[in-house]
Amino acid sequence: MGQDATALIEQLNRSSVPYADPLARIDWASLDLNGWWLPQEAVSLHGVAEFDALPEVQRIRLSQFEFVNFIEKALWLEGIFMERISRALADSLGDPAATTYRLHELREEAGHSLMFLDLIRRSGLPIGPEAFERPKLATWVGRFAPYGSAAFWVAVLIGEQVPDQMNRFIRKHRSEISPAIYDIITAHAIDEARHIAHARETFKGSMHRGWSMLMRLYPPLLNRIFRQFVGAFYFPTPSLYEMAGLDNGAHWRKLAHSNPQRTAFVDRCVASTVKQLASHDVNLNWH
C-alpha cells in the first residue's frame with residue numbers, strides 16, 4: 001500500500017470513530033406516510049403528461065414506492081459489499097489500519113441496511129419481492145471478481161457513486177420530502193463519502209496491476225454492468241408500478257424509458273462517474 005493510500009486509510013479511520021447508530025439518528029415520528037419521499041423531478045414518470053394528469057395522492061404514492069426501490073437496491077449492494085469485506089478481512093490481519101477500516105465499513109454498511117429495513121417495515125407499503133430486479137451480471141462480478149482486481153473496483157465505484165448522486169439530489173430538495181427521508185439519506189450519504197474515497201484510491205492502486213492490457217478486454221463487460229446498475233436504480237419494474245396503483249405496469253415502464261426528462265435526469269446523475277472513469281480509459285454509456 002502506497003503512502004497516499006495509507007494516509008487516507010488512517011484519515012478515514014479517525015473520521016469513522018465517532019459512530020452513531022443510524023437507527024437512533026432518524027426521527028421516525030417525522031415519517032410522513034402521506035408525503036413525497038422523492039422530489040418530484042426524481043420520479044421516473046415526472047414530465048410524462050399521462051402521469052402528471054393523475055391526482056397528486058397517486059403521484060406521491062409512486063414516489064414512496066420508487067424510494068423503497070432505491071433503498072432496496074442499496075440493500076442488495078451493501079449485502080454484496082459486506083460479503084466481500086468479510087472475506088477480505090483474513091487477508092488484512094497483518095495490516096491493522098486496513099483491518100480497522102474494513103471493520104468500520106462493515107459496521108456502517110450494516111447500520112445502513114438495518115435503517116433501510118426499518119423504513120420498509122414502517123412504510124407499510126404492500127410491496128413484494130417480485131417488484132425488484134437483481135442485476136445478474138453485476139451480482140456475479142460483485143461476488144466473484146478478484147477483490148484486488150480493477151474490474152471489481154470499477155464495479156464498486158459504479159455501485160457506490162450511482163446511488164450517491166441520487167442521494168445528493170434528494171438532499172438539495174429537503175423542503176419537498178418527508179423529514180425522516182431526508183434524515184435517512186443524510187445518514188447514508190455521510191458514511192458513503194468515506195467509502196467512495198476509499199474505493200477511488202483502491203481503484204487507482206489496482207490500475208497498476210496489469211491494467212493496460214487487461215482493461216482492453218473489459219469495456220463490453222463493464223458497460224453491461226453499468227447499464228444494469230442504472231436500470232435497477234432508475235427504472236422500476238412493471239410490478240412495482242402496479243403495486244403503486246398504476247395499472248398495466250409494462251405501459252408505464254415503457255413511458256419511463258422513453259421519457260426525455262428521465263433520460264436527462266439519469267444523465268446528470270451518472271455524469272461524474274462517466275467522466276471520472278473516462279479519464280482512466282474506461283468509457284461507459286448507459287443508453
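This is a predicted model: local features need pLDDT of at least 70, side-chain atom pairs count only at pLDDT 80 or more; totals for chains, interfaces and linings use all residues.
Visitor: Start with helix 7 and helix 10. At what angle do their axes cross?
Guide: Roughly 25°. The axes of helix 7 (residues 150-171) and helix 10 (residues 219-234) come within 10 Å. Angles under 35 degrees count as roughly parallel, so helix 7 is roughly parallel to helix 10.

Visitor: Is the crossing left-handed or right-handed?
Guide: Helix 7 passes helix 10 in a right-handed crossing.

Visitor: Which residues make the contact?
Guide: From helix 7, Ala151, Val154, Ala155, Ile158, Gly159, Val162, Pro163 and Met166. Helix 10 brings Leu222, Phe226, Phe229, Phe233 and Tyr234.

Visitor: How many of those are nonpolar, polar or charged?
Guide: The contact of helix 7 with helix 10 has twelve nonpolar residues, one polar and no charged ones.

Visitor: Now the core. Which residues touch the most other members of the largest nonpolar core?
Guide: Leu45, Leu62, Phe67, Leu119 and Tyr234, out of 84 residues in that core.

Visitor: Which helix gives the most to this core?
Guide: Helix 4 (residues 56-89), with 17 residues.

Visitor: Back to leucine 45. What does it touch?
Guide: Leaving out residues up to four places away in sequence, leucine 45 touches Phe51, Asp52, Leu62, Tyr241, Leu246, Trp252, Leu255, Ala256 and Asn259.

Visitor: New topic: glutamine 11. Where is it?
Guide: Glutamine 11 sits in helix 1 (residues 3-16).

Visitor: What is the relative accessible area of glutamine 11?
Guide: It is 47%, so glutamine 11 is partly exposed.

Visitor: And how far apart are glutamine 11 and arginine 194, in sequence and in space?
Guide: They are 183 residues apart in sequence. In space, glutamine 11 and arginine 194 are 9.5 Å apart, C-alpha to C-alpha.

Terms used:
Residues are numbered from 1 along each chain as its sequence is written. Side-chain values use heavy atoms; hydrogens and water are left out. Axes are lines fitted to C-alpha atoms, for helices over the stretch in contact, and angles run from 0 to 180 degrees between N-to-C directions. Helices (H or I, at least four residues) and strands (E, at least two) are DSSP runs, numbered from the N terminus. Angles under 35 degrees count as roughly parallel, over 145 as roughly antiparallel, 65 to 115 as roughly perpendicular and the rest as oblique. A crossing is left-handed if the near helix is turned anticlockwise from the far one by less than a right angle, and right-handed if clockwise. Contact means heavy atoms within 4.5 Å. Ala, Val, Leu, Ile, Met, Phe, Trp, Tyr, Cys and Pro count as nonpolar, Asp, Glu, Lys and Arg as charged, and the others, Gly among them, as polar. A nonpolar core is a set of buried Ala, Val, Leu, Ile, Met, Phe, Trp, Tyr and Cys residues joined through side-chain atoms within 4.5 Å. Buried means under 20% relative accessible area, exposed over 50%, partly exposed in between (1.4 Å probe, protein chains only).
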